Amino acid sequence: HVPPRTERMDVDQDWSSVYPTAASFKPASVPLPIRMGYPVKGGVPPTKEGNLELIKIPNFLHLTPPAIKKHCAALKDFCTEWPSALDSDEKCEQHFPIEIETVDYVSAGTSIRNPKARVVTLSVKLSNLNLDDHAKKKLIKLVGERYCKDTDMLTITTDRCPLRRQNYDYGIHLLTVLYHESWKTEMWESEKTEEDMEEYIWENSCSQKNALDTLLRIKASENVSNVTEEELLASEVVKNYRNSVIALKNEGETENNMAQYKESVKKLLNIQALP
Amino acid sequence: MAAPMAGWALRAMPRICPAPSRALHATPACLKARAARVRVGKGDKAVTYERAHAPHHIAHRKGWLSLHTGNLAGEAGAAERAVEDAFLRRFLAGTFPGVLADAAVLKRRANLLVVCAVLARGLPPAKLCFLTGYAETLLTHFYKCPVRLELQTVPAAVPYKYL
């Protein structure tokens, strides 16, 4: 029978031509005296000829360093340099504010398609969009849970279309519609009540009414000449009180906020510090 | 006086034993302790490495004959791959009758199916070439994915042990 090819191989041959692609282990082509398997009692592991264990395992004989160098050299012609103007994350975000995330799935089987690959996630920072105060509040109300306040990121995930290209187009369409709709002011938006407000506004609230009422009554009982509301509003103590109430309502109750509120109330009602 | 009365009452009651079942056992007996094991004999039976080791040696002394991603967490298609494997082994046993020295190893790379088989030298090379081409073309058309046959020939089936 024909002797194996290993007997005619040079030491300095081109190995990438023996194993150009991923292939199973061929004992007549690999000039190494490999043994694999559990030895028989008092024996040695079986040789490589007809050794099924060596065939079962995946081998990387086609990925030696010289072979990989050849792959890189061949691929270099298809590569372009990273644009030198985009050398920091901030610049990338400034020029390309919208980030698209897609996932590709690899598996082994008769079909390479995976329905999970159609999901597209679009994320953009609202500070990069041209929105005024009303438009930003309306946009946040429209998207609901998709907006994260801490990172100022709007994240839209689309998977209702069967293809990734369609889901991407739908995501961009959603962003466009949201942007244009938030700039429009509908007639019924004028019916916005205090419960719909996102943050606490002190002007025209019951806190302002109560404070002014109390101060006017104090002034009246002390028989001071008529002090107008504008003067009261412009006074230091009322401004202090306004700031502390806004801080309490918007940021919640912290040590600082409560202490600030206490000081401002004491100053407002002119109560001397208790020992 | 109540206790002895109760005991006598219990003893007098007829014992209800479950009646012997005469139902038909339609499923075959599952002999798990005899699966994939070659029984020890006189010492004249040559056995390959694959057949000499029992299933509990898989992952310890034996590898897997079929490699695919179907059994990983979150992946689908394990059953389909198993059915394909069963069909492929029967097909190979029929295409190379008496020449297959050992079980075939099936590897799947994306949608490419690589069938690695070890054959004994019973057929002339021309017939072997024809049979590989025939098997590859037929299986490619049947499974609608590329199928590659990588064959190796040995003088005879390599014996590991004599049982």
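This note sets out points on a predicted model, covering confidence, domains, the interface and salt bridges.

1. Conventions. Residues are numbered from 1 along each chain as its sequence is written, while chains are lettered from A and ligands numbered from 1 in the order in which they are written. Local features need pLDDT of at least 70, side-chain atom pairs count only at pLDDT 80 or more, totals for chains, interfaces and linings use all residues, and side-chain values use heavy atoms, with hydrogens and water left out.

2. Confidence. The model scores ipTM 0.81 and pTM 0.76.

3. Domains of chain A. The assignment, with bounds from an automatic or database source, gives domain 1 (1–78), domain 2 (89–186) and domain 3 (206–269). Between domain 1 of chain A and domain 2 of chain A, the C-alpha centres are 48 Å apart.

4. Extent of the interface. Contact (heavy atoms within 4.5 Å) involves 27 residues from chain A and 35 residues from chain B. About 2500 Å² is buried between chain A and chain B, with 55% of it on carbon and sulfur atoms; buried area is the accessible area (1.4 Å probe) that two parts lose on being put together, summed over both.

5. Lys56(A) and Glu50(B) form a salt bridge through their side chains, at 2.7 Å from N to O. On the side of chain A that touches chain B, the residues comprise 15 nonpolar, 7 polar and 5 charged; Ala, Val, Leu, Ile, Met, Phe, Trp, Tyr, Cys and Pro count as nonpolar, Asp, Glu, Lys and Arg as charged, and the others, Gly among them, as polar.

6. Salt bridges elsewhere. Over all chains, the whole structure holds 17 salt bridges. Among them, Lys91(A) pairs with Asp87(A) at 3.1 Å, N to O. Lys91(A) counts as partly exposed because its relative accessibility is 34%, whereas Asp87(A), at 58%, counts as exposed; buried means under 20% relative accessible area, exposed over 50%, partly exposed in between (1.4 Å probe, protein chains only). Arg118(A) also forms a salt bridge, with Asp159(A), and the closest N and O atoms are 3.8 Å apart.

Methods
Salt bridge = Lys/Arg side-chain N within 4 Å of Asp/Glu carboxyl O.
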